[in-house]
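Below is a short briefing on one protein chain.

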Amino acid sequence: MSSSMPSSNLPERRRAWRTLCTQPWVAVLMRLLVGGVFLLSGFSKVLLPHAEVVALVQQYQVLPPWLVSLTATVLPWLEVGSGAALVCGFYTTPVAYLVGIQLLNFIALMVVVLATGVVIEDCGCFGKLGLHETPLQVLIRDLVLLSMLGPIVYRQRDVLGIDAWSREVTEHG
């Protein structure tokens with residue numbers, strides 16, 4: 001009897017999750033959390049010497065040498081910019097998609113690393129802050145962060161973001 005109970009509540013649970021994910025405060029919370037993670041990750045690498053960031057990228061052994069330095073230069077700033085835009089609610093939907101693309105790339109990288117058996121004790125995602133994560137932990141974290149983008153994309157604009165302010169100016173100005 002208990003096995004039929006969860007399936008009968010499934011539509012109600014889905015409806016409850018859908019309702020929760022469409023609440024404005026959920027989108028704001030997700031935007032601040034995901035943006036904050038990207039800001040922290042980006043700044044932790046921006047503050048390192050370039051050679052150390054290059055070493056962090058090289059440890060994955062998947063990029064050609066000419067792309068390692070470029071990635072080590074661009075990625076931290078991309079993370080800082082997209083994280084700041086999410087936190088501020090600036091171009092929220094396009095930035096959420098950009099962050100989603102970054103997360104999908106990180107997820108693919110972790111799958112490759114796990115599948116090929118590349119030994120990485122610390123992903124370097126947060127520079128030298130001491131937040132040591134294995135590829136499996138990064139994979140799980142990035143999947144969670146990717147799922148957190150859903151309410152952000154669904155809501156598109158919220159009252160606490162620059163997007164909402166700019167919409168008011170254009171509608172009333």
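In which loop is Tyr91 found? Tyr91 is found in the loop between H4 and H5; helices (H or I, at least four residues) and strands (E, at least two) are DSSP runs, numbered from the N terminus. The model is predicted: local features need pLDDT of at least 70, side-chain atom pairs count only at pLDDT 80 or more, and totals for chains, interfaces and linings use all residues. Residues are numbered from 1 along each chain as its sequence is written, and side-chain values use heavy atoms, with hydrogens and water left out.

**Overall make-up**

- The protein chain holds seven helices and zero strands, in the order α-α-α-α-α-α-α from the N terminus.
- Of the 173 residues in the chain, 36% are buried (buried means under 20% relative accessible area, exposed over 50%, partly exposed in between, with a 1.4 Å probe and protein chains only).
- The accessible surface comes to about 10,300 Å², and carbon and sulfur atoms account for 68% of that surface (Shrake-Rupley method, 1.4 Å probe; for residues, only the protein chains shown count as cover).
- Among contacts between residues at least 6 apart in sequence, 72% join residues at least 24 apart (contact means heavy atoms within 4.5 Å).

- Buried residues of H2 include Val26, Met30, Val34, Phe38, Gly42 and Lys45.
- H6 (residues 135-155) has 21 residues and reaches 31 Å from first to last C-alpha, close to the expected 30 Å.
- Among the buried residues of H6 are Val138, Arg141, Asp142, Leu145, Leu149 and Ile152.
- An α-helix has 3.6 residues a turn, so residues three or four places apart point the same way.

**Largest pocket**

- The largest pocket has a volume of about 670 Å³. On a 1 Å grid over the protein atoms alone, a cavity is a set of points where a 1.4 Å probe fits but cannot get out, and a pocket is an open set with protein on both sides within 12 Å along at least five of seven lines. Grid points are joined across faces, edges and corners, and a volume is the space filled by probe spheres set on the points.
- The pocket is lined by 34 residues, and those closest to its centre are Thr71, Leu75, Glu79, Phe106 and Leu109 (lining residues have an atom within 4 Å of a point).
- H2, H3, H4, H5 and H6 each supply at least two lining residues.
- The lining divides into 25 nonpolar, five polar and four charged residues.

**Positive phi angles**

- Tyr91 has a positive phi of about 50 degrees although it is not a glycine, and Tyr91 is exposed at 51% relative accessible area.
- Gln61, in the loop between H3 and H4, has a phi near 60 degrees and is exposed at 60%.
- Most residues other than glycine have a negative phi.

- Pro76 lies in helix H4 and is buried, with a relative accessible area of 3%.
- Beyond four places in sequence, Pro76 touches Gly42, Lys45, Val46, Val53 and Thr71.
- Ser69, also in H4, is partly exposed at 33% relative accessibility.
- Leaving aside neighbours within four places, Ser69 is in contact with His50 and Val54.

Definitions and conventions
Expected span 1.5 Å × (residues − 1). Nonpolar A, V, L, I, M, F, W, Y, C, P; charged D, E, K, R; others polar.
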